[in-house]
Each structure stands twice: as C-alpha cells, then as structure tokens.
Amino acid sequence: MKTVLITGGAGYIGSHAAKAFSEKGYRVIVLDNLIYGHKEFVKWGDFFNGDIGDDYLLKSLFCQFQIDIVSHFAAFAYVGESVQNPRKYYDNNLAKALVLLSHAVKNDVKVFQFSSTCATYGHPEHIPMTESHPQNPFTPYGKSKRFFEEILRDFASSYPIRFSILRYFNAAGADPAGEIGEDHDPETHLIPLILDAAMGRKRGIEIFGTDYDTPDGTCIRDYIHVTDLAAAHVLAAEKALNAESGIYNLGNGDGFSVKEVIEKAKAVTGRDIHVVEGERRPGDPARLIGSSARIKAELGWQPKYASLDKIIETAWAWHQKRFQTR
Ligand code: UFG
C-alpha cells in the first residue's frame with residue numbers, strides 16, 4: 001500500500017483528494033494547520049495538526065511514515081489579499097512550501113504533487129488556454145504558484161523526485177455523497193455566494209462588472225467539479241510514480257458567464273435570487289477557459305460531473321446541509 005501525505009487535507013480541494021486517494025487504496029495522512037481547514041473534513045486517514053513550514057513536525061512525520069507521494073494543497077488563495085499583503089503569500093506559498101519540498105527530497109519521496117492554478121497564466125492570449133500558454137501572472141498569489149512550479153521543476157531535474165503540477169480553473173461543486181464540500185471564511189467565490197443568497201444567508205449577489213467584452217457583459221469562467229479534480233490527482237500521481245512527471249490543466253473547456261451561473265442557480269434551487277449589478281473587481285480577466293486535452297489524452301481523465309447543473313446541484317445539497325442550522 002502506498003502512502004500519500006496530503007497537506008491542506010482539511011480544506012476544500014484537499015479533503016476531496018483525501019477521499020479519492022483513500023478510495024483507490026492509498027494510505028492517507030493529512031497535515032493541516034486548520035487556519036482555513038476544518039477538522040471535520042478529515043474523514044479519510046490520520047490527521048496531524050500543524051504547519052508545512054514546521055521543520056520539527058516534518059522531521060517527525062517523515063520519520064514515522066514511509067511517504068511515497070506528497071500531494072500539496074496547503075496554500076493561501078485570496079487573490080485580492082495577496083496584493084495587499086504579498087509577504088504572507090510568499091512566506092506561506094513559497095518559503096514554507098520549499099521547507100516541505102526539501103523534507104520530501106531528503107526522505108526519498110517519489111512524487112511531489114502541486115496544486116497550481118490558471119492564475120499562473122495571467123491574462124489569456126488565446127482561448128482555450130493550453131499548458132504551453134505563456135505564464136505571466138500579475139498578482140503575488142499567481143506569482144507564488146508560478147515560482148513554486150519553477151522550483152519543483154529544478155528539483156526534479158537535480159534530485160530523484162518526480163512532480164505533477166495541476167493547474168485548476170474554477171473549482172466548484174461538492175462531494176456527490178454529501179460528506180464534504182466548500183466552506184471558506186471569508187467566502188469570495190461566486191457559486192457559494194449565490195447559494196448563500198438563495199438560502200437567505202446574504203441579501204443578494206453582486207455581479208462584479210457588466211461591461212466586459214462577452215455576450216452578456218459578465219465574466220466567463222470554466223467551472224470544474226471538485227470530485228473530478230480530485231480524481232485527476234490520483235491519475236497524475238500514478239503517472240508520476242510509474243512513468244514520468246507531468247503538467248496538466250484541469251477545466252471542462254466550457255465557459256459560463258456570471259449571469260448564466262446565477263440563472264442556473266435559480267433553476268436548480270427553485271429560489272429567487274436578488275441580483276445587484278456592481279463595478280468590476282480589479283484584475284478579473286473577461287474570459288478564462290482551459291483546455292484539458294492533455295490530461296484526457298495522456299491519463300485518460302474523463303470528468304463525471306462536467307455539467308453546470310451537476311456542479312450546482314451538488315454544491316446546493318452540501319450548502320443546505322452545512323449551513324441550514326447556522
Ligand atoms: N464574481 C461576482 N460576484 C461575486 C463573486 C465573484 O460577480 O460576489 C465573479 C468574479 O468577478 C469572476 C467570477 O464571478 O468573474 C468568478 O469569481 P470567483 O472569485 O469565484 O473565481 P475567480 O475566477 O476569481 O478565481 C478563481 C480561483 C482563484 C484563481 C483564479 C484564477 O478561485 O484561486 O480563479 O483567475 F486564482
């Protein structure tokens with residue numbers, strides 16, 4: 001049985017990955033400092049409460065377990081905050097991640113898997129965006145992810161470790177079995193905020209800009225179900241274990257505007273949702289759509305929950321269960 005250390009395994013995407021690895025027969029160890037994670041999301045594997053930059057804790061973890069794969073999700077991911085406080089992002093997403101990577105190399109970890117983002121591309125030069133799209137991130141968040149990708153590639157050239165870099169477009173939805181889902185504090189993502197409005201936890205949803213160069217004037221994004229994302233991690237880890245490193249985009253290759261997402265959420269929830277048309281949010285590209293042709297061709301990845309209906313249905317079921325009584 002192979003062992004995977006999942007950092008950030010109490011978070012949104014990390015907890016879904018923990019479930020996916022566990023269901024495929026891996027021994028799962030979760031490391032999370034619970035700053036943004038939720039202890040109750042750790043349902044698969046052993047849990048260690050701690051930081052990815054904690055040298056002492058990492059020494060003891062790598063001593064205690066023979067870890068084959070590190071799947072690294074623990075990161076700060078508020079794009080706006082990263083502009084206000086870049087030090088926080090470079091410290092956590094880069095400096096501490098380097099401590100973790102160094103321990104992985106020292107302890108003969110075979111694969112280091114990294115949760116990256118389409119934000120490493122910056123403004124799109126062509127749509128859909130492929131893995132070879134130029135990488136010109138324009139926020140400290142995107143840069144911290146880009147720089148760590150580079151470090152990882154250099155390590156894999158010089159040390160016996162392989163990598164898989166997964167660049168996500170917009171992760172959304174929740175575990176179809178309803179065991180885990182999205183719960184950020186503060187929440188900034190479109191779908192959970194719309195569902196908050198549908199539930200009456202918020203007065204309405206504000207659309208950030210209606211004057212973009214898109215058919216209805218609102219931004220277009222490529223939403224990908226978190227369970228499909230998690231399944232891709234297992235495939236990519238296995239490819240790296242058995243053959244070679246890889247870099248893969250993860251999106252559905254389909255774009256939906258903010259207005260389309262709101263309309264779909266109205267239909268799925270059967271609720272009226274109050275909408276306010278507001279100003280643009282700085283730094284939002286009009287359109288982000290990813291090509292996942294490479295991961296489909298090389299790893300046989302096939303999304304099971306690609307439709308926006310399915311994404312919003314699973315998110316809505318989770319959202320009601322999680323927040324109804326709060
Ligand atoms: N939006 C609104 N109103 C809201 C929240 C969002 O109109 O209250 C809009 C945004 O302006 C954007 C779209 O909905 O056009 C999606 O916004 P999200 O914040 O849900 O997601 P982003 O596309 O901004 O961010 C995602 C990931 C980031 C990643 C980024 C890459 O969450 O981690 O893609 O651009 F960096």
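A: Start with glutamate 206: one of its polar backbone atoms sits 2.7 Å from a nitrogen atom of the ligand. Phenylalanine 208 also uses a polar backbone atom, placed 2.8 Å from a ligand oxygen. For threonine 188, a backbone N or O atom lies 3.5 Å from an oxygen atom of the ligand. A polar contact here is a pair of N or O atoms within 3.5 Å; within protein, one atom must be able to donate a hydrogen and the other to accept it, and residues adjacent in sequence count only if both atoms are side-chain atoms.

The protein buries 90% of the 690 Å² that the ligand exposes when taken alone (Shrake-Rupley areas, 1.4 Å probe; for residues, only the protein chains shown count as cover).

A caution on the source: this is a predicted model, where local features need pLDDT of at least 70 and side-chain atom pairs need pLDDT 80 or more, while totals for chains, interfaces and linings use all residues. Numbering runs from 1 along each chain as its sequence is written, and side-chain values use heavy atoms, with hydrogens and water left out.

Now the shell. It holds 21 residues, and Leu190, Glu206, Arg221, Arg281 and Asp284 come nearest to the ligand (near: a heavy atom within 4 Å). By class, 13 are nonpolar, 4 polar and 4 charged. Ala, Val, Leu, Ile, Met, Phe, Trp, Tyr, Cys and Pro count as nonpolar, Asp, Glu, Lys and Arg as charged, and the others, Gly among them, as polar.

Two elements give two or more residues each: α6 (190-199) and β8 (205-208). β8 has the largest share, 4 residues. Both are DSSP runs numbered from the N terminus (helices H or I, at least four residues; strands E, at least two).

The ligand lies between two domains, because domain 1 (3-172 + 224-250) and domain 2 (190-222 + 253-288 + 305-321) both give residues to its shell. The bounds come from an automatic or database assignment.

Follow α6 onward. With α10 (308-323), α6 supplies at least two residues each to the lining of the largest cavity. The lining is Gly173, Ala174, Glu182, Pro192, Leu195, Ala315, Trp318 and His319. About 40 Å³ of space lies inside. A cavity is a set of points, on a 1 Å grid over the protein atoms alone, where a 1.4 Å probe fits but cannot get out; lining residues have an atom within 4 Å of a point. Points are joined across faces, edges and corners, and the volume is the space filled by probe spheres set on them.

Conventions. On a 1 Å grid over the protein atoms alone, a cavity is a set of points where a 1.4 Å probe fits but cannot get out, and a pocket is an open set with protein on both sides within 12 Å along at least five of seven lines; lining residues have an atom within 4 Å of a point.
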